[in-house]
Amino acid sequence: MHRAVAELLAEEEAETLTLPAVAARAGVHPTTLYRRWGSTAQLLTDVATSRFSDDLVVPDSGSLAGDLERWLADVATDVADPDTLALMRATIATGPAGGCACVEDRHRQLGAILRHEVERGGTAPEVESAADSLLGPVYYRAVFTSEPASADWARGLVATYLSTLPQSSADPRPTDTR
């Protein structure tokens, strides 16, 4: 079913996606889908949850800046993919559960990066603050503009975000000890 959804979203507008269309593409009776998912929104949420779970490796470069730069560049590259973008837009359009399905694992990944920094003896911001400042702009560009975020743009976003945080051992800038 997941492949059928991805194929249909790649070929047609999300508004035309229906359970009978997915069933026809998958070669099953629509009743099978209605029993399992009940609605197109539930099916899209399931596909998005599956697609965005554990799809990126959480980096451990030794610094918060390095980890965030690599991870956010990977996220930006991922959401710029036309098939991924079509799935995101369709799923987000189904309501709050769809939006959560698209970012839930990203929040877990970000939390792991921030925990790595604390375990290294550094300080790290709260997950929600980092998500608002880092994921928000990447997803906004992907979903609402015709200019998806590039990996370089994402790395610059990380540098800008880190420069707003209190200086810590995670900050790549040297501390003035005069």
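**View 1. The largest nonpolar core of this predicted model**. This core, a set of buried Ala, Val, Leu, Ile, Met, Phe, Trp, Tyr and Cys residues joined through side-chain atoms within 4.5 Å, has 47 residues, and those with the most contacts inside it are Leu-72 and Met-88. Buried here means under 20% relative accessible area, exposed over 50%, and partly exposed in between, with a 1.4 Å probe and protein chains only. The core lies between domain 1 (2-49) and domain 2 (57-164), because both give residues to it; the domain bounds come from an automatic or database assignment.

**View 2. The surroundings of Leu-72**. Leaving aside neighbours within four places in sequence, Leu-72 is in contact (heavy atoms within 4.5 Å) with Leu-134, Leu-135, Val-138, Ala-154, Leu-157 and Val-158.

**View 3. Ala-26 in helix α2**. Ala-26 counts as partly exposed, at 32% relative accessibility. Residues up to four places away in sequence not being counted, Ala-26 touches Met-1 and Ala-4; the C-alpha atoms of Ala-26 and Met-1 are 6.0 Å apart, although these residues are 25 apart in sequence.

**Notes on the views.** Residues are numbered from 1 along each chain as its sequence is written, and side-chain values use heavy atoms, with hydrogens and water left out. In this predicted model, local features need pLDDT of at least 70 and side-chain atom pairs count only at pLDDT 80 or more, whereas totals for chains, interfaces and linings use all residues.

Conventions. Helix = DSSP H or I, 4+ residues; strand = E, 2+ residues; numbered from the N terminus.
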